[in-house]
Amino acid sequence: MLSGFLRGLGSYFLFLGAVFRRPESWREYFKSFVRETELLGMSSIPLVVFISLFMGAVLTIQTAINLDDPFIPDMYIGIAVREGILLEFAPTIVSLILAGKVGSNISSSLGTMRVTEQMDALQVMGINPASYLVLPKIGASLLFFPILVIFSIFMGLLGGYLAGDWLHLVNPDNFLMGYFDEFQPYYVVYSLTKTVVFAFIISSVSAWYGYHVKGGAVEVGKASTKAVVAMSFSIILFNYILTDVMLQ
Amino acid sequence: MIEVRGIKKAFGDQEVLKGIDMDLKPGQCNLIIGSSGSGKTVMLKSIVGLIQPDAGQVLLDGRDWTAMKERDRKVLRQEMGMVFQASALFTSLSVEDNVRFPLDFFSSMSPAEKDQRVAFCLDRVRIPQSALSKNPAELSGGMQKRVAIARAIVLNPKYLFCDEPNSGLDPETSIVIDQLIQEITREFGMTTVVNTHDMNSVLEIGDHVVLMRHGHKVWEGAGPDILKSDDQEVVDYVFRSALFKRVRAAMNK
């Protein structure tokens with residue numbers, strides 16, 4: 001099992017070596033990058049907005065119920081919701097959701113290209129398929145995932161505020177005060193750093209699984225499932241490592 | 001001329017190509033034929049560089065393709081076009097953009113010149129204007145193959161490789177595709193290599209034929225001569241179908 005893991009890890013780094021090569025045509029790579037940004041990033045906005053609004057609302061409800069004490073001001077509920085969204089929910093949970101949506105998309109699309117010989121066609125033309133197909137996806141993810149997470153932070157905070165106000169769980173003014181009280185800009189840096197690392201994991205790991213598919217349609221599905229599992233493990237592991245390194 | 005010298009390839013313990021030599025003639029339709037598992041697809045992929053052979057050489061007009069560095073290979077690849085068994089058209093692009101794709105990468109033509117070249121190639125393979133904006137998945141199998149041929153010739157290559165171009169097509173469409181490959185070979189003076197198990201293709205377009213069996217070359221020669229061969233392995237392959245058995249019997253009378 002360990003030797004299999006090490007072989008896979010070695011293959012992953014060799015794959016990255018093939019991905020980060022000089023493009024045959026910068027213009028064509030840029031066109032592909034724009035397409036991928038639309039496909040992987042823009043199309044994820046509605047999902048991120050929807051999930052973030054409701055997760056923010058749920059966080060407020062749960063925190064308000066658990067801190068339902070006349071000696072605890074509503075401002076502290078606002079602080080708890082803000083920190084929860086900023087530190088953990090937006091970067092980590094949204095990345096896990098994107099691993100399912102974007103990661104499986106990358107894995108299955110590359111797997112399909114592999115089994116239908118589209119990658120061979122690129123290679124015969126003299127185009128490096130690893131670089132042409134994967135580099136724009138990694139670039140688009142690194143650029144757009146932080147934007148999605150910033151969206152998620154704002155939507156989560158909005159959802160939390162609206163739920164607290166509509167359900168009369170908190171005093172809106174005091175709750176809102178908590179959003180701004182002792183705000184640490186470094187937490188935004190921490191959150192976005194995690195997002196960039198997760199974006200790289202999602203795009204490169206899913207691409208590695210898709211790129212190495214052998215067989216037919218069934219193997220494409222299996223690779224997609226394995227990719228989501230591997231990405232989830234990696235995100236959780238790197239979440240711990242980055243938190244330990246950046247917040248201690 | 002494509003010269004293949006002593007090509008060997010094994011996957012694990014399984015030896016697929018056992019030291020094959022062949023000379024694929026310039027400006028002709030060269031057919032590599034054989035049953036499933038004979039090694040012809042591995043042979044073709046070794047010739048185009050999709051598979052690195054364990055031993056041997058492939059010489060493209062005297063240039064040792066197998067010993068070249070990847071950078072030099074990329075330049076030489078622009079002299080190649082390939083039609084794949086499953087067409088391998090890019091499903092994210094329209095028919096027109098599929099054919100334009102190699103030009104966008106490797107041509108210094110102006111956009112107007114590219115439009116002209118794409119229109120010429122699609123017209124040459126008889127793709128109607130109405131299909132240009134369609135996704136390849138919306139086309140029939142025969143049309144997909146024709147678009148794949150258009151994409152393969154858009155850079156005006158010296159060598160055209162076709163892996164089972166008739167696979168999945170009805171007999172009538174197969175003949176159309178065969179004839180198209182032959183016409184294009186003659187018209188543009190290309191060296192064409194077609195991988196097939198279809199004896200109709202051998203009789204229709206086979207200027208030069210190589211028969212493979214179990215990783216060995218069994219026979220090589222001018223296409224029509226294969227019917228005259230007395231070699232038992234050739235006879236077994238060529239006359240295995242009921243129709244050809246009757247033809248053979250009629251010839252013997």
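Predicted model: local features only at pLDDT ≥ 70, side-chain atom pairs only at ≥ 80, totals over all residues.
View 1. A disulfide would need the two sulfur atoms within 2.5 Å. Cys121(B) also has Cys162(B) as the place of its closest cysteine sulfur, at 14 Å, so a bond is ruled out by distance there too. Cys29(B) is buried, its relative accessible area being 0%. Cys121(B) is likewise buried, with 0% relative accessibility.

**View 2. Where chain A meets chain B.** Welcome to the interface: chain A brings 20 residues to the contact, and chain B brings 22 residues. Between them the chains bury about 1,900 Å², and 63% of this is on carbon and sulfur atoms. On the side of chain A, the residues that lose the most area to chain B are Glu117(A), Val124(A) and Met125(A), which together make up 35% of what that side buries.

**View 3. Charged and polar pairs across the interface.** Chain A and chain B share 4 salt bridges. One of them to look for joins Lys74(B) to Glu24(A), with their closest N and O atoms 2.9 Å apart. There are also 3 residue pairs in polar contact between the two chains. Which elements of chain A give two or more residues to the side that touches chain B? They are helix H2 (26-41) and helix H5 (118-125). H5(A) supplies the largest share of that side, with 7 residues.

**View 4. The largest nonpolar core and its neighbour residues.** This core has 92 residues, and those with the most contacts inside it are Ile2(B), Met22(B), Met43(B), Ile47(B), Phe101(B) and Phe161(B). Helix H4 of chain A (residues 74-115) gives the most to this core, with 14 residues. Take a closer look at Phe101(B): leaving aside neighbours within four places in sequence, Phe101(B) is in contact with Leu122(A), Met125(A), Ile127(A) and Tyr132(A) from chain A, and with Phe90(B) and Leu93(B) from chain B.

Definitions and conventions: Residues numbered from 1 in each chain as written. Chains lettered and ligands numbered in written order. Heavy atoms only, no water. Core = buried A, V, L, I, M, F, W, Y, C linked by side-chain atoms within 4.5 Å. Buried < 20%, exposed > 50% of the residue type's maximum accessible area, 1.4 Å probe, protein only. Helix = DSSP H or I, 4+ residues; strand = E, 2+ residues; numbered from the N terminus. Contact = heavy atoms within 4.5 Å. Buried area = accessible area lost by both parts, 1.4 Å probe. Salt bridge = Lys/Arg side-chain N within 4 Å of Asp/Glu carboxyl O. Polar contact = N/O pair within 3.5 Å; in protein donor to acceptor, adjacent residues only side chain to side chain.
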